[in-house]
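Thanks for looking this one over with me. Here are my notes, point by point, to read beside the model.

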Amino acid sequence: MADREAVQQVLRAQKIELPTWAFGNTGTRFKVFAQPGVPRTPQEKIDDAAQVHKFTGVAPSAAVHIPWDRVDDYAGLAAYAEQAGIAIGTVNANVFQDDDYRLGSVTNPDPGIRAKALGHLIECIDIMDATGSRDLKLWFADGTNYPGQDDIRARQDRLAEALAATYQRLAPSQRMLLEYKLFEPAFYTTDVPDWGTSLLHCVALGPQAAVVVDTGHHAPGVNIEFIVAVLLRAGRLGGFDFNSRFYADDDLMVGAADPFQLFRILREVVAADALRPEAGIAFMLDQCHNIEPKIPAQIRSVMNVQEATAKALLVDAPALAAAQRAGDVLGAHAVLMDAYNTDVRPLLAQLRQDMGLDPDPVAAYHRSGYAEKIVAGRVGGTPASWGS
Ligand code: LRH
Ligand code: MN
């Protein structure tokens, strides 16, 4: 079993980025349930994200989504976040909620609409310049619903053209992260449906482009850790959108539906020595808390990533390698399962105490009275939501 002191050192340095949109009202096409105390402004979303960092110590940044987090002064927003003890992280573009994008954004047959979409992508880089963000994350809802609706190859050409124009606007320290998704909202073709398509575009663009693996964006049964291992080997894994699902893009709390899968994914990251910040993997949550209280759900999600990471770090790597070399199938599997079946909660509770935090972040949050404060204080105004 790996050295626990060393494991704690790595866990102490872990950074998990939160999605501002998880603090707003979310739902499905059937209903977006309104919850009391939900933030009304990007600043209030940052306040809530800062609570998660306050109680976990490992969530020092929040990703923003434009226009959901649109403000007049992005440098001011970054300063506000700093005051709250966190930073503005990844900037997410949004070219999926405008009527003009019915037939696509950067892949739309209409060059005028493509230019409009490209304009937004470039605007997001201007925002990154103001917030000091490293990453531009691009997810395109673009696709078709019926065979023949549009030319699959022509849409790829349009996509490549827009990505190239966006890429050349990046500063040397900035990156473009291209997220793929099997389907939804398009139901026949999606223009970036899988890791292969994203990787092809990233390789064509250059070294500042990398793939984002959203754990909810695969067909049932897909071996996500295999994709992770291959992207790490290619040096093109840019980051994760962590969540979990039982069926489709359910956006449930990471590790809730399949904690063993999350462990296997983080095992590939650990095996590639890619947990280090220098490895440049963005560990982000991308979730929607449709029915559950949002801040405790984010705290629980961060804890789920910590637990899976701790188990992945506890794998006895020399013993595993020896069993693998020896072709000892059951022996090798047992080494991995020993780590997975290790109760790491005491180790993490100790780590939190060593970091000056309460060993039980969720209980500490509930004792803080913050939940009652925001319900009482956030009256009036327009609660944040996906508002499509
Ligand atoms: C698309 C997605 C993408 C976003 C959105 C909030 O399903 O995963 O990352 O921008 O969710
Ligand atoms: Mn995502």
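1. A word on burial before anything else: a residue is called buried under 20% relative accessible area, exposed over 50% and partly exposed in between, using a 1.4 Å probe and protein chains only. By that rule, glutamate 179 and aspartate 241 are both buried.

2. Some housekeeping. This is a predicted model, in which local features need pLDDT of at least 70 and side-chain atom pairs count only at pLDDT 80 or more, while totals for chains, interfaces and linings use all residues. Residues are numbered from 1 along each chain as its sequence is written, chains are lettered from A and ligands numbered from 1 in the order in which they are written, and side-chain values use heavy atoms, with hydrogens and water left out.

3. Glu179 (OE), Asp214 (OD), Asp241 (OD) and Asp286 (OD) coordinate the manganese ion (ligand 2) at 2.1 to 2.2 Å. Donors here are N, O and S atoms within 2.8 Å of the metal (3.2 Å for Na, K and Ca), and sites may look incomplete because water is not among the atoms. Along the sequence, the donor residues follow the spacing E-x34-D-x26-D-x44-D. Distant parts of the chain are linked by one pair: glutamate 179 sits in strand β6 (residues 175-179) and aspartate 241 in strand β9 (residues 237-242), 62 residues apart. Helices (H or I, at least four residues) and strands (E, at least two) are DSSP runs, numbered from the N terminus.

4. Why is the arrangement around the manganese ion (ligand 2) octahedral? The angles subtended by its six donor atoms run from 73 to 169°, which makes it so. The rule is that six donors count as octahedral if opposite donors are over 155 degrees apart and all others between 65 and 115.

5. Next, please look at strand β3 (residues 87-92). Five of its six residues are buried, so the strand is largely enclosed by the rest of the structure. On one side, β3 pairs with strand β2 (residues 61-65) in the parallel sense over four bridges, and histidine 65 stands opposite asparagine 92 in β3. Two strands pair if DSSP finds at least two bridges between them. The chain gets from β2 to β3 through helix α3 (residues 74-84), in a right-handed β-α-β crossover. Right-handed means that, with the strands pointing away from the viewer, the path from the first strand over the helix to the second runs clockwise.

6. β3 also pairs with strand β4 (residues 135-139), again in the parallel sense, over two bridges. Here valine 91 stands opposite leucine 136 in β4. Together with helix α4 (residues 111-131), β3 and β4 make a right-handed β-α-β unit.

7. A pocket is an open set of points on a 1 Å grid over the protein atoms alone, with protein on both sides within 12 Å along at least five of seven lines; lining residues have an atom within 4 Å of a point. The lining counts 30 residues, with Lys15, Arg134, Pro277, Ile281 and Ala282 nearest the centre. β3 gives the largest share of that lining, four residues.

8. How many cavities of 30 Å³ or more does a search of the whole structure find? There are two, a cavity being a set of points where a 1.4 Å probe fits but cannot get out.

9. Finally, some backbone details to check. Cis peptide bonds join isoleucine 66 to proline 67, with omega about 20°, and glutamate 184 to proline 185, with omega about 10°. Aspartate 251 has a positive phi, near 55°, and is buried at 7% relative accessible area. Aspartate 273 also has a positive phi of about 55°, but is partly exposed at 43%.

Definitions and conventions: Tetrahedral: all angles 85-135°; square planar, octahedral: opposite > 155°, others 65-115°. Points joined across faces, edges and corners; volume = space filled by probe spheres on them.
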